[in-house]
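User: I am new to this structure and would like a short tour. Could you put it on the screen first?

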Amino acid sequence: MRRTAVLVVGLVAWEVAARLRWLDPLLFPPPTEVAGVLYGLGTSPGFWGHVRTTLLEALGGLGLGVGVGGILGLAAATFEPAAEILEPVMALLNAIPRVILAPLFVIWLGIGLASKVALSFVLVCVVVFFAIYTGIREVDPRLVDRVRTLGGRSVDVVREVYLPSLAAWLVSGLKVAVGFAFTGAVVGEFVAASRGLGYLLSFAQSTYNARLTLALVLLVVGVILALFGLFTGLERYWLRWKPEFRRAPSRLEPSAIPPAPSSPPSVRGAFRGTGRG
């Protein structure tokens, strides 16, 4: 409630300052004019083709990044020679700003959809790799030993220990990956494209159209926040067994850092039942 109040007060102050010429309306257009541009975009039939292009590129990169990153993370976590090769490569990719690869992908793959999907893929793949890799490597071996002591089979170890641990890391990683996927698509379009929201942003920047630029930025942020909220809801559902999600789910703050895994309730319950935990 207080956040909404602060946002409304800020928008009203911005509107008044722009109308009274305390702010240059060409550089800082009033929010009502930006809203008008957004409405005009929404009622323009050609605009939705640009939105569809950006969504396809972002979701394509997201899907590829989740698939390949997950496989590589699983291989590195379970096969030590693979970890010796993949971990430093991924750490290097994680350390550099990967959006600088956008011009290179344009040279290699052209200005079409492929270069944007490739950039989104690289951004997402690293995040998912470390989510899977860390989720498996951080599993407490004592939990594995206890499940086996209680007569659990390999299937039980995977279901009761590894999957809950992976879920915590993977869902949190996906929330970050969604933003990266759209960043890759929009940045790639901004560098070179003939369609998409990034292309429109490049056009608005080249014509010094601050109203269109702000409207497009708000639109991209809105789409990312909507997807972020969707994954946050899925996180609360999948991880509802965790105490923090049961006690005060409405007070949870989004975090870019995947949470540390905790033991699943069924295993703890089994230990309480036997008096060992």
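User: How are helix 3 and helix 4 oriented to each other?

Analyst: Helix 3 and helix 4 are oblique to each other, a class for angles that are not under 35 degrees (roughly parallel), over 145 (roughly antiparallel) or 65 to 115 (roughly perpendicular). Helix 3 and helix 4, residues 80-95, pack at an angle of about 130° with their axes 6 Å apart. Axes are lines fitted to C-alpha atoms, for helices over the stretch in contact, and angles run from 0 to 180 degrees between N-to-C directions. Helices are DSSP runs of H or I with at least four residues, numbered from the N terminus.

User: Before we go on, what sort of model is this?

Analyst: This is a predicted model, in which local features need pLDDT of at least 70, side-chain atom pairs count only at pLDDT 80 or more, and totals for chains, interfaces and linings use all residues. Residues are numbered from 1 along each chain as its sequence is written, and side-chain values use heavy atoms, with hydrogens and water left out.

User: Back to that pair. Which residues meet there?

Analyst: From helix 3, Leu72, Ala75, Ala76 and Thr78 meet Glu80, Ala82, Ala83, Leu86 and Met90 of helix 4; contact means heavy atoms within 4.5 Å. The residues of this contact comprise seven nonpolar, one polar and one charged. Here Ala, Val, Leu, Ile, Met, Phe, Trp, Tyr, Cys and Pro count as nonpolar, Asp, Glu, Lys and Arg as charged, and the others, Gly among them, as polar.

User: And how do helix 5 and helix 6 cross?

Analyst: The axes of helix 5 (residues 102-109) and helix 6 (residues 113-137) come within 8 Å and cross at roughly 140°. That angle makes helix 5 oblique to helix 6. The contact involves Ala102, Phe105, Val106 and Leu109 of helix 5, together with Ala114, Ser115, Ala118, Leu119 and Val122 of helix 6.

User: New topic: which residues of helix 9 are buried?

Analyst: In helix 9 (residues 197-206), the buried residues are Leu197, Gly198, Leu200, Leu201 and Ala204. Buried means under 20% relative accessible area, exposed over 50%, and partly exposed in between, with a 1.4 Å probe and protein chains only. They cover an arc of only 155° around the axis, so they are on the same side of helix 9; the arc is that of the directions from the helix axis to the C-beta atoms.

User: What do they pack against?

Analyst: The buried residues of helix 9 pack against helix 3 (45-78), helix 8 (154-191) and helix 10 (210-238).

User: What follows helix 9?

Analyst: Tyr208 follows helix 9, and Tyr208 lies in the loop between helix 9 and helix 10. Its phi is near 55°, a positive value in a residue other than glycine. Most residues other than glycine have a negative phi. Tyr208 counts as exposed, at 76% relative accessibility.

User: And what about the phi of Arg21?

Analyst: Arg21 has a positive phi of about 70° although it is not a glycine. Arg21 is placed in the loop between helix 1 (2-19) and helix 2 (31-42), and is exposed with a relative accessible area of 63%.

User: Last one: is Ala192 buried or exposed?

Analyst: Ala192 is buried, with a relative accessible area of 19%, and lies in the loop between helix 8 and helix 9. Not counting residues up to four places away in sequence, Ala192 touches Val106, Ile111 and Lys116.

Key: Helices (H or I, at least four residues) and strands (E, at least two) are DSSP runs, numbered from the N terminus.
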